[in-house]
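Open your viewer and get ready to select residues by number. We will take this tour one stop at a time.

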Amino acid sequence: MARRPEPDPATWWERYGHRLEGPPVTTRPADQPDRPPAPAAPDLREDEVLRPRAERPGSGWRRLLHDVTGGRVNPGRSDVEERRAELLERVRGRLPGAHRVAVMSVKGGVGKTTVAACLGLTLAEHRGDRAVVLDANPDAGTLADRLTGDSRVTVRELLDDIDRVATWTDVSRYTSLAGRLQVLASEQDPASGDAFRRDEYERVCDLLGRYFNIIVTDSGTGLVHSAMEGTLARADSVVVVGAPTVDGAGRASKTLDWLVAHGHDDLARDAVVVLSGDRQSPEVDAGRVLEHFRARVRGVVEVPHDPHLATGGRIDPDRLRPATAAAFLELAALVADAFDVRRRR
């Protein structure tokens with residue numbers, strides 16, 4: 001039998017050697033610079049893949065038509081619903097830390113406590129973080145009465161025990177709950193002689209800042225008491241409450257003047273003015289009042305008269321008129337607009 005001729009080594013290596021050495025290695029000419037790797041393609045987002053479609057209506061004939069046709073006919077949300085959705089998106093904006101809101105008025109009887117309570121309720125209801133409202137009125141404030149009716153434990157007890165408060169559970173022993181809003185009542189005995197001082201307010205506010213994302217302070221009537229100094233020293237934003245009347249609008253304007261005169265011009269410029277409609281008169285030019293404040297502050301909100309709030313009793317958000325609830329949602333959105341640009345003092 002004839003023997004097969006031995007393969008030539010050079011020919012064999014040329015044919016099969018690459019199987020032993022691995023894939024061929026390419027070299028780049030010395031004068032050609034290295035190229036950076038191609039960037040990764042961005043992930044496709046849902047809004048880029050899905051065809052645009054109208055949102056499901058929430059109420060009225062639009063909702064009825066949508067449901068009757070099984071969604072085949074969708075007229076979309078109404079302008080009111082679109083506006084509400086936009087406000088809710090702003091209310092739920094990112095909050096990098098604690099934000100302190102001071103609700104103030106130089107004059108009593110314009111609805112300051114009502115505004116503080118409803119602002120706190122609205123923020124707590126529509127956000128997922130923790131919110132507390134603090135009654136800093138040195139004269140037996142009524143904030144807790146309007147929200148929970150429970151003022152047995154007050155800020156005075158918290159101050160007495162503040163060095164022993166180290167957890168969220170400890171803090172919650174001194175507050176009552178209105179919906180998702182925590183409420184810290186003020187001292188209820190006017191004859192106690194223990195006025196709420198600036199240093200005490202600042203200690204309480206600093207403590208709350210460790211456990212709450214939003215702190216709304218009902219600062220009491222007047223501007224010269226000691227607790228007000230602490231309130232403004234810690235405030236990230238201010239809500240000034242007035243009324244569409246001669247004295248109500250004038251006092252709100254004087255409050256802004258006072259802030260500017262006492263070195264808080266940044267707070268005054270960035271303030272939100274609330275005009276409470278419990279007191280109003282057709283003889284007052286409401287348009288001129290609005291123009292005056294819009295030229296001075298970041299935003300103005302008109303809260304219409306509401307029979308439920310006018311009673312001065314416990315506030316039930318479900319009993320507010322739709323226009324009233326919408327006004328407080330607008331106020332909450334204006335407050336939340338300042339979350340990302342809050343001042344660090």
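Select Arg 83 and Glu 86: both sit in helix α4, three residues apart, which is about one turn of the helix. Helices (H or I, at least four residues) and strands (E, at least two) are DSSP runs, numbered from the N terminus. A word on what you are viewing: this is a predicted model, where local features need pLDDT of at least 70 and side-chain atom pairs count only at pLDDT 80 or more, while totals for chains, interfaces and linings use all residues. Residues are numbered from 1 along each chain as its sequence is written, and side-chain values use heavy atoms, leaving out hydrogens and water.

The side chains of Arg 83 and Glu 86 form a salt bridge (2.6 Å, N to O); the term means a side-chain nitrogen of Lys or Arg within 4 Å of a carboxyl oxygen of Asp or Glu. Arg 83 is partly exposed at 39% relative accessibility, and Glu 86 is partly exposed at 30%. Here buried means under 20% relative accessible area, exposed over 50%, and partly exposed in between (1.4 Å probe, protein chains only).

## Stop two: a bridge between loops

Now select Asp 270 and Arg 298, whose side chains meet in a salt bridge (2.9 Å, N to O). Asp 270 is in the loop between α12 (265-269) and β7, and Arg 298 in the loop between α13 (286-294) and β8, so the pair ties together parts 28 residues apart in sequence. Asp 270 is buried at 19% relative accessibility, whereas Arg 298 is partly exposed at 29%.

## Stop three: the sheet

Switch to a cartoon view and follow the eight strands of an open, mixed sheet, in the order β3-β4-β2-β5-β1-β6-β7-β8. Two strands pair if DSSP finds at least two bridges between them. Which strands stand at the edges? They are β3 (176-178) and β8 (299-303), each with a single partner strand, so one side of each has no neighbour in the sheet.

## Stop four: two helices meeting

Select helix α5 (residues 112-126) and helix α15 (residues 322-336). They pack at an angle of about 75 degrees, with axes 9 Å apart. Axes are lines fitted to C-alpha atoms, for helices over the stretch in contact, and angles run from 0 to 180 degrees between N-to-C directions. Contact means heavy atoms within 4.5 Å. Among the residues that meet are Val 115 and Leu 119 in α5 and Phe 328 and Leu 331 in α15.
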